[in-house]
Protein chains: 2
Amino acid sequence: MNSMKTQSSVVVKKFGGTSVGSIERIEQVAERVLGDTRKGQKPILVASAMSGETNRLVSLASEINPAYRGEAYDMLLASGEQVSISLLAMALEKRGLKPEPLLAYQLGIQTDSLFSKARILSVNHEKMNSIIAAGKIPIVAGFQGVNEIHKITTLGRGGSDTTAVALAAAIGADSCEIYTDVPAVFSADPRLVPKAKELPVLRYDEMMEMASLGSKVLHFRCVELAAKYKIKIHLRSTFEKREGTWIVPEEEAMENPVVSAVTHEPLTAVIKLFPVPKGTGFLADLFDKLSKNNVVIDIITQSHNEEGQRLAFSLPMEDLEQAKEIIGSSYGDQVNISVMQDKAKISIVGVGMRNYTGVAYRFFNCLNKNEIDVDLVTTSDIKVSAIIDKDKLSQAAIGLHSEFGLDNDQ
Amino acid sequence: MNSMKTQSSVVVKKFGGTSVGSIERIEQVAERVLGDTRKGQKPILVASAMSGETNRLVSLASEINPAYRGEAYDMLLASGEQVSISLLAMALEKRGLKPEPLLAYQLGIQTDSLFSKARILSVNHEKMNSIIAAGKIPIVAGFQGVNEIHKITTLGRGGSDTTAVALAAAIGADSCEIYTDVPAVFSADPRLVPKAKELPVLRYDEMMEMASLGSKVLHFRCVELAAKYKIKIHLRSTFEKREGTWIVPEEEAMENPVVSAVTHEPLTAVIKLFPVPKGTGFLADLFDKLSKNNVVIDIITQSHNEEGQRLAFSLPMEDLEQAKEIIGSSYGDQVNISVMQDKAKISIVGVGMRNYTGVAYRFFNCLNKNEIDVDLVTTSDIKVSAIIDKDKLSQAAIGLHSEFGLDNDQ
């Protein structure tokens, strides 16, 4: 896998919240960076806020106004990374290195003005190159940017990963290291599937699907950006030396298994409506109302028989109450609403599916053998997802993991 | 005292750490500001970090390297004000106002590059005026600035007061409101002198002496800046409507009492050295060594008799151990060192002293009547200070407070 590393000695290294979650861990990160520099590397560091800090700030804001988003909210949250990069700079300074902590306005990380979910437009790579040329180690605050009138913006959940990939792209690096508290991406959640194994390699498309399907390891937009600029991501543990998972373009992966991973989303609900008016007018109106209230809709199915039109869709459990309220107040007098709680979504992901037939058959057959009923289904060219009962989730995951040859001993 | 207020409707209001120390208090501040705007005021707000926050950040930094000061330290500490102004902005927003939280780089508060004790060089008043003209309420992060290469600097202890006065000066205001958790400056510490009274007015020189002599109410540099630009400071309680203490130019005060206040500094030590070499070479060498190790020296006296030269000086208790170590290792073989702990400094301050004789006599006579011995003494044209035993401090303060007609019932 060494051939995948960039030949340049400049390497972007991003450390997550748990990696800088205490002074002791910050010292460990500094020690690791010191070792890297002794091997001739020129690191560019990116840090998240200390774990727990962003939640602390969010809860302060919620005490004042839980609904508010905007300029002040982003300024508030951005303070978390300001703290962690300052402390990391001190820890490097103590070891005789020359750190330069950089906030977004100092480095020039330009974004659009969508507060709380801004997109990076450009990074001042000349500034970064001049810092490195001066023998210094840039330590960049992740998650934050500035818009064209110098307001602080933030990039949304997992935004620091996106910052790291954007920096790698800006300096023309071909890879980026994401340090976290897990050693790799797994073929399934090991707490659910004991035979889950570490994946040495994944393709961008797979990682993006997994991010959408509930894997919390990497944020969707970070992988999307990496794919756009062909930046290989090396996801690895802060506290171990060995390599983790490389996320690479499809053509660079050694082999493309039919299924690379089984993922799941445990907190899912299903809402069924009957009878709904024919035509798309009702649907457009319904989903518009729900999305304006930030209710996230996942899988949607429609069917009709002689009695009339039926609609069913899945959504996160946390949005259920709000969705019920909106539907009840708007259409309560026209349609019957039935709600199924304690559901879960199980999915298989793999770019190899594109070249194999019968994957969906094996998926449903496996669930059927395990006597697991399926409520809703959705597929793409590289994934199959189904809504099932939550108490069957582990059984389904173990079954599918084995069915598609992912077990550790295979 | 109303005549002292600026006629302009733009008023700089600074809220200290306890005033924004919790969400509840931030809401109270916002409520007060809302009331002010309804009366037609156009406030410019300055906030300190939430009380306790700066200490939390300092202790994180100390865990890594207690000796480090520099760029990363200032960036770390500046995050505290970023949090408080963001939260205050949300609280105003909730009340239908249009706040604009402003960090130093956004407003353009330029300082020199002396990290942790930077001085403000300029404030972009055009930016501030345009924000006010747009009907918005600027909320400025106190304590912080940026140097000419966009690094964050901080202004030292009490720096937010200095920020407020600098803003008032920049927009040509003739006064500035400092909101704090005490209702006024007192003629003595009420915990020490039960008959201490609130002072409706103080002169700049007196407030500067008091700041130097242990009063924690306002920082020296803030008053110095106010004096330079003739900005009247109105120090008052965040939680009461009534006026507090106005700090004004000497010529504007109604009357100049001989003594305006009694101040004290309880944690003082005295070091005596004997015999010391004649000439100033030894003294220069000694005080150079101590100051390079950040040991603060206060009162110094020298005397000599037939046995040789004697030197005595006072210093804060917290610097005592370090001072003993430095002196012992450098001169331990030449001089005898004796240390007096449990000392305190008592002072009287008043611009009226300039026009009265016999003040020093009354000071010492009062201490003498109370059988209080004096170790070291220093005077200026508006103050007299003496080092006494700490257990006599309260007695001395009560005696002097009464002697100079400051008691509440007089």
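**Exercise 1. Domain separation**

Task: State how far apart the C-alpha centres of domain 1 and domain 2 of chain A lie.

Solution. 
- Start with the bounds: chain A is divided into domain 1 (8-181) and domain 2 (262-403). These bounds come from an automatic or database domain assignment.
- The C-alpha centres of the two domains of chain A lie 37 Å apart.

A note on the model: it is predicted, local features need pLDDT of at least 70, side-chain atom pairs count only at pLDDT 80 or more, and totals for chains, interfaces and linings use all residues. Residues are numbered from 1 along each chain as its sequence is written, while chains are lettered from A and ligands numbered from 1 in the order in which they are written.

**Exercise 2. A hairpin and a helix in chain A**

Task: Find how many residues lie between β14(A) and β15(A) in their hairpin, and what span helix α9 of chain A reaches.

Solution. 
- β14 (residues 300-305) and β15 (residues 308-316) of chain A pair in the antiparallel sense, over 6 bridges.
- Thr301(A) stands opposite Ala312(A) in β15(A).
- The hairpin of β14(A) and β15(A) has 2 residues between the strands.
- Helix α9 (residues 280-292) of chain A has 13 residues and reaches 18 Å from its first C-alpha to its last, close to the 18 Å expected at 1.5 Å a residue. The expected span is 1.5 Å times one less than the number of residues.
- Just after α9(A), Asn294(A) takes a positive phi of about 60°.

**Exercise 3. Cis peptide bonds**

Task: Locate the cis peptide bond that ends at Pro275(A), and the one that joins Pro275(B) to its partner.

Solution. 
- In chain A, the bond from Phe274(A) to Pro275(A) is cis, with omega near -10°. Pro275(A) sits in strand β13 (residues 261-276) of chain A.
- In chain B, the cis bond joins Phe274(B) and Pro275(B), with omega about -10°. Pro275(B) is in strand β13 (residues 261-276) of chain B.

**Exercise 4. Relating the two chains**

Task: Identify the relation between chain B and chain A from the superposition, then describe the side of chain B that touches chain A.

Solution. 
- Chain B can be laid on chain A with an RMSD of 0.1 Å by a turn of 180° and a shift of 0.0 Å along the axis. Copies are superposed by least squares on the C-alpha atoms of residues with pLDDT of at least 70 in both.
- That is the relation of a two-fold axis.
- In chain B, the C-alpha of Ser79(B) is nearest the axis, 2.8 Å from it.
- The same surface serves both copies, as 100% of the contact residues of chain B recur in chain A. Residues are in contact if their C-beta atoms, placed from the backbone, lie within 7 Å.
- 26 residues of chain B are in contact with 26 residues of chain A.
- On the side of chain B that touches chain A, α2 (53-64), α3 (71-94) and α4 (104-107) of chain B each give two or more residues. α3(B) gives the most, with 14 residues.
- By class, this side of chain B has 16 nonpolar, 6 polar and 4 charged residues. Ala, Val, Leu, Ile, Met, Phe, Trp, Tyr, Cys and Pro count as nonpolar, Asp, Glu, Lys and Arg as charged, and the others, Gly among them, as polar.

Definitions and conventions
Contact = placed C-beta atoms within 7 Å. Pairing = 2+ DSSP bridges. Helix = DSSP H or I, 4+ residues; strand = E, 2+ residues; numbered from the N terminus.
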